[in-house]
Amino acid sequence: MTRQEEIQTLIRSLREAVPEVSGVMVASADGLPMVHDFPEGEAARIAAMAATSLGLGKRIATTLRLGEFQETVIRGQNGYFVVYEAGEKGVLALALPTGANLGLVHLEAREAARHLKDLL
């Protein structure tokens with residue numbers, strides 16, 4: 001199986017484990033989309049925002065001495081956008097509706113991000 005296929009399999013598994021996910025993005029740390037299921041017209045912008053969110057979250061964690069960065073959670077009236085570091089080269093981002101089980105999301109997505117680290 002190619003790396004791209006392995007990443008797509010990982011995304012499918014994540015969606016099966018957390019069915020309320022409305023979008024998944026694997027992007028490079030510099031903000032380029034790699035594999036995603038967002039609308040194609042939005043992918044580049046979402047990848048750039050995910051990478052920016054990751055960089056800012058890491059900087060805040062370092063500045064405030066919060067320890068090693070875990071994830072960035074953005075909560076809006078209609079849902080969440082959660083970003084996880086996937087090693088030095090990647091970003092995993094998920095869009096979720098309001099009411100999503102964030103505990104389950106973190107459990108599954110953190111594991112997926114660890115696996116992505118090895119794939120990227």
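A: The largest pocket has a volume of about 290 Å³, a volume being the space filled by probe spheres set on grid points joined across faces, edges and corners. This is a predicted model, in which local features need pLDDT of at least 70 and side-chain atom pairs count only at pLDDT 80 or more, while totals for chains, interfaces and linings use all residues. Residues are numbered from 1 along each chain as its sequence is written, and side-chain values use heavy atoms, with hydrogens and water left out.

Q: What makes a residue part of the lining of the largest pocket, and which residues are the closest to its centre?
A: On a 1 Å grid over the protein atoms alone, a pocket is an open set of points where a 1.4 Å probe fits, with protein on both sides within 12 Å along at least five of seven lines, and a lining residue has an atom within 4 Å of a point. Of the 13 lining residues, E68, F69, E85, G87 and R114 are the closest to the centre. Helix α3 gives the most, with four residues.

Q: How do the residues of this lining divide into nonpolar, polar and charged?
A: Four are nonpolar, two polar and seven charged. Here Ala, Val, Leu, Ile, Met, Phe, Trp, Tyr, Cys and Pro count as nonpolar, Asp, Glu, Lys and Arg as charged, and the others, Gly among them, as polar.

Q: Why is H106 called buried?
A: Buried means under 20% relative accessible area, exposed over 50%, and partly exposed in between (1.4 Å probe, protein chains only). H106 has a relative accessible area of 14%, and is therefore buried. This residue is found in helix α3, helices being DSSP runs of H or I with at least four residues and strands runs of E with at least two, numbered from the N terminus. Leaving out residues up to four places away in sequence, H106 touches E71, V73, V82 and Y84, where contact means heavy atoms within 4.5 Å.

Q: Is R65 buried or exposed, and why?
A: R65 has 75% relative accessibility, so it counts as exposed. R65 lies in the loop between α2 (40–63) and β3 (71–76), and has a positive phi of about 55° although it is not a glycine.

Q: What makes a set of residues a nonpolar core, and how many residues has the largest one?
A: The term denotes buried Ala, Val, Leu, Ile, Met, Phe, Trp, Tyr and Cys residues joined through side-chain atoms within 4.5 Å. The largest such core has 24 residues, and its largest share, six residues, comes from α3.
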